[in-house]
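This report describes selected structural features of one protein model.

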Amino acid sequence: MAFSVSVGESDFDDLRRAASYYVDKTDIIYELIQNTKNKVTLFTRPRRFGKTLTISMMMNFFSIKKDSRDIFQGLKITEHKEFCEKWMNQYPVLFISFKDVEAENFNDAYEMLQIGIADTCKEYVDLLENEMLDKDDRQTFYRLKSKKSSQGDIKNSLKTIMRMMHAVYGKKVILLIDEYDVPLARASEKNTTNNKYYFSMLDVIRGIMSTALKDNEFLEFAVITGCLHIAKESIFTGTNNFASYSVLDEDFSEYFGFSENEVEKMLYAADRKDKAGIIKEWYDGYVFGNSYLYCPWDVINYMSALKKRRDAKPKNYWKDTSHNGILLSFIERTEFDVTEKFEVLLNGGTVVQSISDELTYDTLHASEDNLWSILLMTGYLTKADSGQDGETVSLKIPNKEIASIFEDTVVVFFKNTVDVTELNEFINALWKSDEAGATKRLSELLWYTISYNDYHEDYYHAFLTGIFVGRGYNVDSNKEKGLGRPDILLKDKRNRRAIIIEAKKSKKEPDMDKDCDEAINQIIANKYAEGLYGYTQIFCYGISFFQKQAKVKISSDTI
C-alpha cells in the first residue's frame, strides 16, 4: 500500500477509512479503563499534540451508535478481546469541543458557545424520536438547538443531553470534552477590570462543568483535554475521583506525541529514512513525564512535504497554529528581568525553575514562576531530563523549530522597545566618522538586547542589519560588490553617500582592535567600493564583536 498521510485530519473515522498512516495510540483506552478508577480524567498537552484525534478515537470506540470493528481492525486495542466485547460500541457518548469558543469580548464568545452547543444538539437530534423523553428536557433541547437558550440552559446543557441519552439507551453516558480551556484562555488575554470578560466566561464554563461532572447520576466517566490544568478549586470544585495528567506526569506520557521508534517506522514506510536526523533536529526534544517525544503535527506536515518533494526543507509548522503573545508578554514584564535566562535558553542551555501544573488563568501573570509554568505547559519549553520530578525542574528549548520562534519574538521585542534616540545617535556617528561615539552607542544597544546563537557571526550580522532596516534604510546585505560581498552596504542616495561595513566576531576581547583592521583590509582588498559611481562619500567600517561588546573603526582610505 502506498504511503499516505493526512495533514490536519482529527476525525479518527475519516483518517482510518482514508487508509492514511496512523501511529497507533489506541492502548490509551485500555490503560485508562483497566488501570484507573477515574470518574473524570483531564489530559493537558500543548496544541497540536494529538488531543483531538485521541478524543475522536475514544468516541468511535465507545459510541453505541457506531460499528467500529473495521476501523479498529489491526490496532493494539483489539488484542484485548474481552475488553473490546465489553466496551466497544456499548455506551452512549456525548462529544463536544470548545476549540472555537473564542472572541474579542464575552458576548461574541458566548454566542460561539451557544452555536457549539446547538451544533452538538443537531448531532444528537435523533434523541427526540423517543416518546418517553421528559417534556421539559425536550423543550430545553429545542431551545439549545435553536440558539434560544438562557444562560441557565447553557450551564445545564451537557447534563440535560446526558439525561436524555440515558433515558433513550438505558445506560450511563461517557462524556468527552475537547479543548475545555480555550474559552478561558482567550478571555484571560482580553480580561480587564472593566469588561469582566474572563470572570463572566469562568462562571459559564464552571457551571457547565459542575452540572456535568459533579454528582451526575447519568455519567459513566468523562475524559477532558486542554492546554492547561486550571486549578480544581477554580473550575472542577466538588468533582470526585478527578485525575489530571500534565506534561510532568509519567502516566499516559507516551500517548501524546510520537516516539523516536514511531518516527523511524514512519520514515521507513515512506522511504525517507535519510531524513531522520533533520526531523529529530527540528521536531524532537519534548519530554513528557518519562517519555521523549516528537511533535506529531510537525512530523506529519513535513512527511507530507517529503512525499511530494524528496528534497523538501523543514519549516516551522508550529508557529502557524499558535501565536507568540505568551513569549512577548513574558519579555515585556518590568517587575522581573528574564533577559539572562532567555539568553541561556537561546544558546542551548537550561534554566532551573519552580513549576506548577495547577494554575488559574486570572493569575497566570501573577509571578515569574507562573509564567515559566505556562511556557512549559504550552510547549515553548520542555523538561531537560525525564528523570526529574517535583516542583523544581530544569527547562530547555526543545528543538530548532521552537528556537526559531524564540528568535523571531526577540527580534520583534527589540524592534518595539529599543530606544530610537540610541539608534539614531549610532547611525549619525557612522555618518560623522565618529569611531568612539559609534562604538559606545553600538555596545549599549547590544547590552540591552537578547543575544542568541552563542554569539555567532550571523547573529551580529542580523543585529546590525536590523538596526538599519528598523530606521527605514534600504540595506544591501552580502550582495556582490567588487571581488566579493560586503556584509552590509548602506546607501543615502539623496546625500550621495554610502557606508560599507564588514563585521567580525572576535575570539577574545584583546583581538577586537586587530579584527577591525582585518575587516577594513578585506573591504579594501576586495574593492567593495567599486561600482558606487556618483557617491561623493563612502565610509568603510570594520566592526568587531565580543559577546556584548563592540568596536568600530573607520578606514583611513574612506572617500
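The model is predicted. Asp-515 counts as buried, because its relative accessibility is 9% and the limit for that class is under 20%. Its salt-bridge partner is Lys-514, with 3.2 Å between the closest N and O atoms. Lys-514, by contrast, is partly exposed, with a relative accessible area of 46%.

Elsewhere, salt bridges with shared partners connect Glu-422, Glu-425, Arg-441 and Glu-444 into one network.

## Further salt bridges

The structure holds 27 salt bridges. Glu-444 has a relative accessible area of 26% and is partly exposed.

Another salt bridge joins the side chains of Lys-280 and Asp-284, at 2.7 Å from N to O.

## The five-stranded parallel sheet

Five strands form an open sheet in the order E2-E3-E4-E1-E5, and their pairing is parallel.

Strand E3 (residues 173–178) pairs with strand E4 (residues 219–226) in the parallel sense over five bridges. Two positions illustrate this pairing: Val-173 has Leu-219 in E4 as its bridge partner, and Leu-176 stands opposite Val-223 in E4. E2 and E3 are likewise joined by five bridges in the parallel sense. There, Ile-96 has Ile-177 in E3 as its bridge partner.

Why is E3 described as largely enclosed by the rest of the structure? Six of its six residues are buried, so the strand is largely enclosed.

In a regular strand, side chains alternate between the two faces of the sheet. For E3, both faces are covered. Val-173, Leu-175 and Ile-177 are buried on one side, and Ile-174, Leu-176 and Asp-178 are buried on the other.

## The three-stranded antiparallel sheet

A further open sheet consists of three strands in the order E8-E10-E9, with antiparallel pairing. Strand E8 (351–354) and strand E9 (382–383) are its edge strands, each pairing on one side only.

E8 and strand E10 (residues 392–396) run antiparallel and are joined by four bridges. In this pairing, Val-351 has Leu-395 in E10 as its bridge partner.

## Residues with positive phi

Most residues other than glycine have a negative phi. Lys-147 is not a glycine, yet its phi is positive, at about 60 degrees. Lys-147 lies in the loop between helix H7 (135–145) and helix H8 (151–155). With a relative accessible area of 40%, Lys-147 is partly exposed.

Arg-496 also has a positive phi, of about 55 degrees, although it is not a glycine. The loop that holds Arg-496 runs between strand E12 (488–492) and strand E13 (497–505). The relative accessible area of Arg-496 is 44%, which places it in the partly exposed class.

Rolling a probe the size of a water molecule over the atoms shows where empty space is left. How many cavities of 30 Å³ or more does a search of the whole structure find? The search finds one, and about 30 Å³ of space lies in the largest cavity.

The lining of the largest cavity is formed by Thr-44, Cys-227, Leu-228, His-229, Asp-357, Leu-359 and Met-377. Classified by type, the lining has four nonpolar residues, two polar residues and one charged residue.

Notes. Residues numbered from 1 in each chain as written. Predicted model: local features only at pLDDT ≥ 70, side-chain atom pairs only at ≥ 80, totals over all residues. Heavy atoms only, no water. 1 Å grid on protein atoms, 1.4 Å probe; cavity = no way out; pocket = protein on both sides within 12 Å on 5 of 7 lines; lining within 4 Å. Points joined across faces, edges and corners; volume = space filled by probe spheres on them. Nonpolar A, V, L, I, M, F, W, Y, C, P; charged D, E, K, R; others polar. Pairing = 2+ DSSP bridges. Salt bridge = Lys/Arg side-chain N within 4 Å of Asp/Glu carboxyl O. Buried < 20%, exposed > 50% of the residue type's maximum accessible area, 1.4 Å probe, protein only.
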